[in-house]
Amino acid sequence: MKLLSSLRQNYPFPPLVWYIIIETALIRIAFFMVIPFVALRMDATANVAAEWIGAVIGVGPLVATAVGFYTGHLSDLWGRRKIMIGSLLLWAAVFMLFGFAENPLFYALLLGLNGVALGVFEPISAALVADVCSAADPSGQMQKKAYHLRYFAVNVGSSLGPLIGASLLISAPLVGFGIASVVYLISAFCFSVFSTRWGVKALESNRPAVSHTFKDVLRTLGSDRALQMYIFAFLVISASVSQIDTIFPIHLKRVFGESGITLFARLISLNGVLIVVFTLPLLRWVKRFNLNSSCAVSTLVWCVGFILMAFSQLPLHYYLAMLILTAGEIVVYANGYLMVENLAPARMRGAYLSTMNIGQSGMVFGPWLGGILLEAGGSQLLFLVMAALMAVAAGAYLTAGKVKASSP
């Protein structure tokens with residue numbers, strides 16, 4: 001009870017924001033039961049090389065980039081609610097069908113549809129949180145706390161989901177995919193009911209009518225140099241981080257055999273647990289520093305983690321590398337949407353936040369590049385290249401900070 005009282009005092013969110021945060025944790029448990037193991041399932045059923053697995057995995061982010069940006073604009077025009085419900089229902093169908101996939105083309109289709117759902121749901125969910133928080137607290141402090149707690153919820157899912165998914169992948173993969181599908185079906189129904197009860201329809205009907213066209217959005221985004229630097233930084237980061245969920249488990253399985261799958265699940269869960277434990281204290285500590293500088297330093301910490309991973313040989317080495325990678329991840333990922341939203345005019349909030357999908361396009365070529373590097377030079381070459389990309393991302397954050405500071 002004391003914990004609940006403390007949460008209400010420190011995070012006095014409207015009920016819908018709390019619901020979105022809790023729903024985020026639940027659907028992310030289901031998501032991480034499935035997605036981190038798709039590459040391994042393809043390796044077991046589709047009989048293709050690592051670079052081809054990486055190329056197929058990249059289909060999802062490619063579609064997310066193509067579709068998500070425009071749907072962000074549509075959410076500014078039509079409202080967030082219906083689009084979010086549709087994405088949850090699509091996810092439910094995709095996860096059910098994953099259990100029956102064997103052909104690489106079928107995997108590509110399902111990963112593309114997963115990219116649609118992810119590219120639509122994530123930025124629009126963030127935009128809805130911003131809408132509700134801005135209506136309750138125009139200062140922006142509630143919104144910042146909500147984004148941080150939402151990121152916390154994502155990592156509750158990422159810490160629990162892989163442990164469940166690893167055991168089901170080996171013993172009963174169809175059950176795992178089915179459970180994930182049911183979770184998303186229930187989430188779609190509950191969101192439909194609670195969003196209506198807690199006034200999303202009223203909130204959307206009271207928003208000023210949007211008069212700008214998609215061409216106007218592109219023109220505005222094309223002139224925002226700070227936004228372009230953020231997109232570039234996230235593109236490079238996503239290309240590097242995509243290795244963890246795609247090529248890295250293949251590497252571990254080749255080195256450690258079946259125990260490599262268990263090691264991978266534990267590493268992903270360690271990442272999630274560390275984020276759950278340290279996100280809120282770390283974010284309270286770094287808020288005294290400039291956000292762009294904090295993200296640049298954190299990205300360099302990420303770089304160090306990849307260098308250590310390049311030279312890891314024993315499970316203990318990988319655990320230490322994951323610890324360092326996680327320390328770098330927290331500040332950047334927790335504040336990614338916040339930095340972009342701070343640049344956005346209120347009437348273009350959905351479109352601006354959907355530009356994060358452009359940054360996600362690093363996951364299009366990242367797994368394919370990672371597969372080539374793994375086959376050509378092993379894990380050492382793979383992770384040293386990813387470390388170099390992280391150093392480039394750090395430079396992009398510093399540049400974005402200078403551009404933002406010089407803007408009128």
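Guide: Leu 174 counts as partly exposed because its relative accessibility is 46%; buried means under 20% relative accessible area, exposed over 50%, and partly exposed in between, with a 1.4 Å probe and protein chains only. This is a predicted model, in which local features need pLDDT of at least 70 and side-chain atom pairs count only at pLDDT 80 or more, while totals for chains, interfaces and linings use all residues. Residues are numbered from 1 along each chain as its sequence is written, and side-chain values use heavy atoms, with hydrogens and water left out.

Leu 174 belongs to helix α9, residues 173-197 (helices are DSSP runs of H or I, at least four residues, numbered from the N terminus). Together with Met 96, Leu 97 and Phe 100, Leu 174 makes a nonpolar surface patch of about 370 Å². Such a patch joins nonpolar side chains (Val, Leu, Ile, Met, Phe, Trp, Tyr) within 5 Å, from residues with over 30% relative accessible area and no salt bridge; the areas come from the Shrake-Rupley method with a 1.4 Å probe.

Gly 178 is also in helix α9, but this residue counts as buried because its relative accessibility is 14%. Its C-alpha is 8.7 Å from that of Ala 92, although 86 residues separate Gly 178 and Ala 92 in sequence.

Helix α2 comes next. Val 34, found in α2, is in contact (heavy atoms within 4.5 Å) with Gly 176, Phe 177 and Ala 180, and also with Phe 95 and Phe 98, leaving aside neighbours within four places in sequence. With a relative accessible area of 1%, Val 34 is buried. Between Val 34 and Gly 99 the C-alpha distance is 9.5 Å, and the sequence separation is 65 residues. Arg 28 has its place in helix α2 too, which covers residues 15-34. Arg 28 touches Leu 118, Glu 122, Val 154 and Gly 157, not counting residues up to four places away in sequence.

A salt bridge lies elsewhere in the chain. The structure holds 1 salt bridge, defined as a side-chain nitrogen of Lys or Arg within 4 Å of a carboxyl oxygen of Asp or Glu. Its partners are Glu 375 and Arg 254, with the closest N and O atoms 3.2 Å apart. The pair links distant parts of the chain, Glu 375 in helix α19 (residues 362-406) and Arg 254 in helix α13 (residues 247-256), 121 residues apart. Glu 375 is partly exposed at 39% relative accessible area, and Arg 254 is partly exposed at 48%.

Ser 379 also lies in helix α19, and its relative accessible area of 13% makes it buried. Beyond its neighbours within four places in sequence, Ser 379 is in contact with His 251, Ala 310 and Leu 374. Ala 310 is one of the buried residues of α15, which also include Trp 302, Phe 306 and Met 309. Helix α15 (residues 291-310) has 20 residues and reaches 29 Å from its first C-alpha to its last, close to the 28 Å expected, where the expected span is 1.5 Å times one less than the number of residues.

Key
Helices (H or I, at least four residues) and strands (E, at least two) are DSSP runs, numbered from the N terminus. Patches are made of residues with over 30% relative accessible area and no salt bridge: like charges are joined within 9 Å, nonpolar side chains (Val, Leu, Ile, Met, Phe, Trp, Tyr) within 5 Å.
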